[in-house]
Each structure stands twice: as C-alpha cells, then as structure tokens.
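Good morning, everyone, and thank you for making time for this.

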Amino acid sequence: MTVSGNKVCFMTGATGGLGSELALSIARQGYSVFFTWNASRLKAEKTLEKIRRISPESDMIRCDIAKPKEIQQAFNAFLEKFSRLDLLLASASNFYRTGLPDVSETEWDNLVDTNLKGTFFTMQEAVKIMRNQSFVSRIITMTDVSADLVWRHFAPYTVSKAGIQHLVKIFAREFAPQVLVNAIAPGTITSNADLQRDEHSVEEKKLIEKIPLQRLGNPLDISRAVLFLLESDYITGQIISIDGGRVLG
C-alpha cells in the first residue's frame, strides 16, 4: 500500500484521446492515478507509461464497468495499493448511432449498462471509501451536451447521459458535505484544435455552425473544467456544460 501521501484518483475511461489527456492533467496536479481499461491493453499501457513519467505510483487494472462485480474487484485491487481516495473521475463511455425504431436489446444494454449502470456502481463503490475519510473528496462524472438536446439516432446514448446527470444530483445531496459530486457535459471535442475552419470536414463545419462560439472544443477545455472543480469547495450537484454554447440551440 502506498504511503507517499499523494492525493489519489480512481478513473474510468482513461485510454481514449480525451480520457488520456484528463488522466495526465490530473497527474500533473500531484495525484496518483489508478485507472480501468477494458478493450485495448496496448492503449492502456501507453497511457500508463505517460502517466508514470509524472506520477510513478500510478497503476491500472482491466475492468468491464458494465459488470458491477468487476467494479468491486477493481476497487479491492485499488485498496490494496492505496490508502485514500480523493477523486473519482468517471469518464468511461460507449457512443454510437442507434436509429429508431430499430434499436436492439443488445445495443440498449451495451450503451446503458456501460454508461449509466457502470457509472452508478462506480460512484457507489467510491463513496463507500469517501464517506469514511476525514477530508472532503470529489466525484466528477462525464456526461454529454446531448443530455439536454434531442438527437436523432442516439436514443440509448442520450438517455444514459441524462440519467448520469440525475445521479449526480442524487449523490450530491446524499453525501454532502463529505463528498462533492459534479458533472461535466462536453460538446463536440476534437484533438485537431489547431485546424482552420476551412480545413474541417463537411460534417464538422455543420456542427460548428450550430455552436455560438464558432469552434469545436478541445481536451484542454475539458481539463480546465476538471481542475476548476478540483479547486472549488462550494460547488456540488452541478452540471457544467463545456460546449461553446451548443446547448443554447
């Protein structure tokens, strides 16, 4: 078990483009990062290698967060290594089109079980630790601007994200003041933030036309919001949209 005294983050969804950047950003703040991975060991190992350059005690474990038993096993492994939990960053998510009226039960389960059920049971395991600590800890979930919009062809996905936003309010009320619980709702995020407008694809140009600030978001926009919540001690139960005004319609 680590005795370094570093703050510790348990994170899901750290191997994607945005997730990896968030994990690195948290490590730079002095956190040890323990993250789950499921689909790609290679991506996970590359992410861990980058994080350990900053935070050597960081680690990872394979976990399908759609399965509560695996979530419990991941937290058991976490507690064997770390003696505290300062932050849960629940970022794991599935995302793909599912057109009505042809959504299959398999598609529904894949999206809702990972995005909503997985987030719920991850939060539940985290607060079992956090509520017994002598200091204030934080939960930050990743939802989506689509939870407040009506998107065609994405019903299971948007329902799952709307459910997460309600979970944030439930957990925030239940575990205050010991645990601060908030969510970030990104708009469309791109890793090609330096592209000029005329360099974007036709689909991206159509999206930009719907955004009042006239650009796509980038990982830095999201990591700044995470760091803001890490520094704030009077915010809980809130959904912070980082979408360039997209939710305004």
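Let me begin with helix H1, residues 17-28, and helix H2, residues 41-54, whose axes come within 9 Å and cross at roughly 15°. Please keep in mind throughout that this is a predicted model. Angles under 35 degrees count as roughly parallel, and therefore H1 and H2 are described as roughly parallel to each other. The crossing of these two helices, H1 and H2, is right-handed. If you look for the residues that make the contact, you will find Ser20, Ala23, Leu24, Ala27 and Arg28 on the H1 side, and Thr47, Lys50, Ile51 and Ile54 on the H2 side. Sorted by class, the contact of H1 with H2 has five nonpolar, two polar and two charged residues.

Now let us turn to the other pair. Helix H4, residues 105-130, and helix H5, residues 155-175, have axes that come within 9 Å and cross at roughly 15°, which means that H4 is roughly parallel to H5. H4 passes H5 in a right-handed crossing. Which residues of H4 and H5 make the contact? From H4 they include Trp108, Leu111, Val112, Asn115, Leu116 and Phe120, while those from H5 include Pro156, Tyr157, Lys161, Gly163, Ile164, Leu167 and Phe171. By class, the residues in the contact of H4 with H5 divide into 14 nonpolar, five polar and one charged.

Key:
Residues are numbered from 1 along each chain as its sequence is written. This is a predicted model: local features need pLDDT of at least 70, side-chain atom pairs count only at pLDDT 80 or more; totals for chains, interfaces and linings use all residues. Side-chain values use heavy atoms; hydrogens and water are left out. Axes are lines fitted to C-alpha atoms, for helices over the stretch in contact, and angles run from 0 to 180 degrees between N-to-C directions. Helices (H or I, at least four residues) and strands (E, at least two) are DSSP runs, numbered from the N terminus. Angles under 35 degrees count as roughly parallel, over 145 as roughly antiparallel, 65 to 115 as roughly perpendicular and the rest as oblique. A crossing is left-handed if the near helix is turned anticlockwise from the far one by less than a right angle, and right-handed if clockwise. Contact means heavy atoms within 4.5 Å. Ala, Val, Leu, Ile, Met, Phe, Trp, Tyr, Cys and Pro count as nonpolar, Asp, Glu, Lys and Arg as charged, and the others, Gly among them, as polar.
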